[in-house]
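Welcome! Please take a look at the sequence and the 3D structure shown here, and then read on for a short tour.

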Amino acid sequence: MDTNLVSQLGDLKKRRSWLYIIFPAAGMFFLFLFIGNATISPESQQKLSKFKVADALLNSKFKSCKNRCRPSGSEALPEGIVIKESNLQMRPLWGFPKSDNSSINLFAMAVGIKQSDLVDKMVRKFLSSNFVVMLFHYDGNVDGWKSFDWSNHVIHVSAMNQTKWWFAKRFLHPDIVAEYSYIFLWDEDLGVEDFHPDTYLSIVKSEGLEISQPGLDPTKSEVHHQITARASKSAVHRRTFKPGAHGCDKNSVGPPCTGWIEMMAPVFSRDSWRCVWYMIQNDLIHAWGLDTQLGYCAQGDRTKTVGVVDAEYIIHHNRPTLGGVNENKKNLSTSDHSPATKVNKSEETPTAPRKNKSRVKDPRVEVRRQSYIELATFKKRWRKAAEEDQCWTDPYPHSD
């Protein structure tokens with residue numbers, strides 16, 4: 001037999017023997033997979049089902065959490081540890097406060113040591129009514145108040161030559177004072193012999209006033225605006241009447257005839273202050289012009305929720321402080337408040353001082369000048385903001 005043929009037959013037998021081994025093995029392998037799938041599949045399906053449920057829950061949680069309102073910056077914290085607000089209550093270094101009767105109202109005032117006689121009377125009166133008292137020291141003299149027995153019981157903040165509006169913008173953020181129902185932001189040159197904080201607030205609440213001020217005793221006070229003068233025969237008044245082409249009558253719908261108070265002794269509800277704080281311009285420290293727009297923060301109809309309380313009244317002594325007192329001139333534009341209703345044309349638009357090297361600037365005149373500049377700036381900003389905000393509707397488009 002041909003040796004080549006024998007060799008080919010041998011190779012063929014070897015291939016067949018390998019095929020006989022491979023095919024059964026492959027068959028057994030696939031059979032094992034089939035049986036394994038048949039037995040494992042229910043558990044796999046159950047696990048898969050659990051994974052799907054968990055995934056659905058996670059997606060649902062993500063969607064609900066995404067829609068939840070969280071303070072900016074707190075997203076990395078569990079919600080229960082986030083404290084959104086604060087207060088001005090002082091805490092002891094160890095232990096706990098002796099009393100849990102925390103104050104619910106705040107009295108804040110910009111002060112200088114030269115007015116300590118009036119400030120002392122005001123602080124005592126408000127502390128006795130369980131107010132938190134906060135003093136803003138514009139003259140930098142904090143130690144001068146240590147002789148008063150109440151000094152360690154009030155908050156002291158000091159910054160040289162700053163106004164109460166500068167302090168308020170920086171230290172009375174709505175989230176800081178959110179625990180206080182009412183915020184009193186007063187000047188220091190006021191007499192409170194006939195004023196009682198608790199009685200005043202009871203009247204404010206019963207009358208539904210969101211923004212208010214006590215009336216000024218017209219016989220003892222420097223009165224700049226007719227509406228602020230106390231009416232002796234009423235508990236509260238919300239408007240004033242004055243004859244003339246630009247006067248006030250029953251048809252007047254805006255400041256200074258109605259819906260208006262002066263900025264020397266304003267009292268704000270918690271909600272109105274949250275609005276007012278945003279309106280205070282960070283760089284306009286005298287806040288002239290703000291008074292005419294307070295009605296926008298009155299939480300309703302300003303002719304009803306803004307008013308002057310006559311039953312509890314104060315005295316405005318009109319002591320000039322900011323910029324110092326000019327000893328050589330009396331009553332030289334001394335008011336730190338908004339301009340009076342009647343203002344001379346020359347005063348309303350101050351001219352630049354004449355160039356004279358020998359002339360010494362009068363600080364009070366410069367303060368007054370800056371106040372008018374800020375008034376014009378604020379009005380310009382308001383007009384611009386009202387024109388540019390397409391989503392805002394003016395509730396008082398036809399005010400005086």
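Cys248 and Cys257 are joined in a disulfide, with their sulfur atoms 2.0 Å apart; a disulfide here is a pair of cysteine sulfur atoms within 2.5 Å. Before going further, please note that this is a predicted model, where local features need pLDDT of at least 70, side-chain atom pairs count only at pLDDT 80 or more, and totals for chains, interfaces and linings use all residues. Residues are numbered from 1 along each chain as its sequence is written, and side-chain values use heavy atoms, with hydrogens and water left out.

Back to the bridge: the link of Cys248 and Cys257 is left-handed, with -70° about the S-S bond. Both Cys248 and Cys257 are buried, where buried means under 20% relative accessible area, exposed over 50%, and partly exposed in between (1.4 Å probe, protein chains only).

How many disulfides does this rule give? The count comes to two. The other one is formed by Cys275 and Cys297, whose sulfur atoms are 2.0 Å apart. The torsion about the S-S bond of Cys275 and Cys297 is about -60°, so this disulfide is left-handed. The pair links distant parts of the chain, 22 residues apart: Cys275 sits in helix α5 (residues 270–279), and Cys297 in the loop between α6 (290–293) and α7 (302–305). Helices (H or I, at least four residues) and strands (E, at least two) are DSSP runs, numbered from the N terminus. With the bonded cysteines numbered in sequence order, the pairing reads 1-2, 3-4.

How accessible are some individual residues?

| Residue | Relative accessible area | Class |
|---|---|---|
| Cys275 | 27% | partly exposed |
| Cys297 | 1% | buried |
| Cys391 | 78% | exposed |
| Lys304 | 55% | exposed |

Lys304 lies in helix α7. Which residues does Lys304 touch, not counting those up to four places away in sequence? They are Glu207, Gly208, Leu209 and Arg238, with a contact meaning heavy atoms within 4.5 Å. The C-alpha atoms of Lys304 and Glu210 are separated by 9.1 Å, although these residues are 94 apart along the chain.

Now for the inside of the protein. A search of the whole structure finds two cavities of 30 Å³ or more. On a 1 Å grid over the protein atoms alone, a cavity is a set of points where a 1.4 Å probe fits but cannot get out, and lining residues have an atom within 4 Å of a point. Grid points are joined across faces, edges and corners, and a volume is the space filled by probe spheres set on the points. The second largest cavity has a volume of about 50 Å³. Its lining consists of Met279, Ile280, Gln281, Leu284, Ala287, Trp288, Leu290 and Phe378. Seven of the residues lining the second largest cavity are nonpolar, one is polar and none is charged.

Finally, the whole chain. The protein has nine helices and nine strands, and of its 400 residues, 39% count as buried. Among contacts with a separation of 6 or more, 76% are between residues 24 or more positions apart. The average pLDDT (the predictor's confidence in each residue, from 0 to 100) is 83, and 72% of the residues score at least 70. Over residues 326–334 the pLDDT is below 50, and this stretch has 13 contacts in the model beyond near neighbours in sequence. Residues 341–353 also have a pLDDT below 50, with 14 such contacts.

Terms used:
On a 1 Å grid over the protein atoms alone, a cavity is a set of points where a 1.4 Å probe fits but cannot get out, and a pocket is an open set with protein on both sides within 12 Å along at least five of seven lines; lining residues have an atom within 4 Å of a point. Ala, Val, Leu, Ile, Met, Phe, Trp, Tyr, Cys and Pro count as nonpolar, Asp, Glu, Lys and Arg as charged, and the others, Gly among them, as polar.
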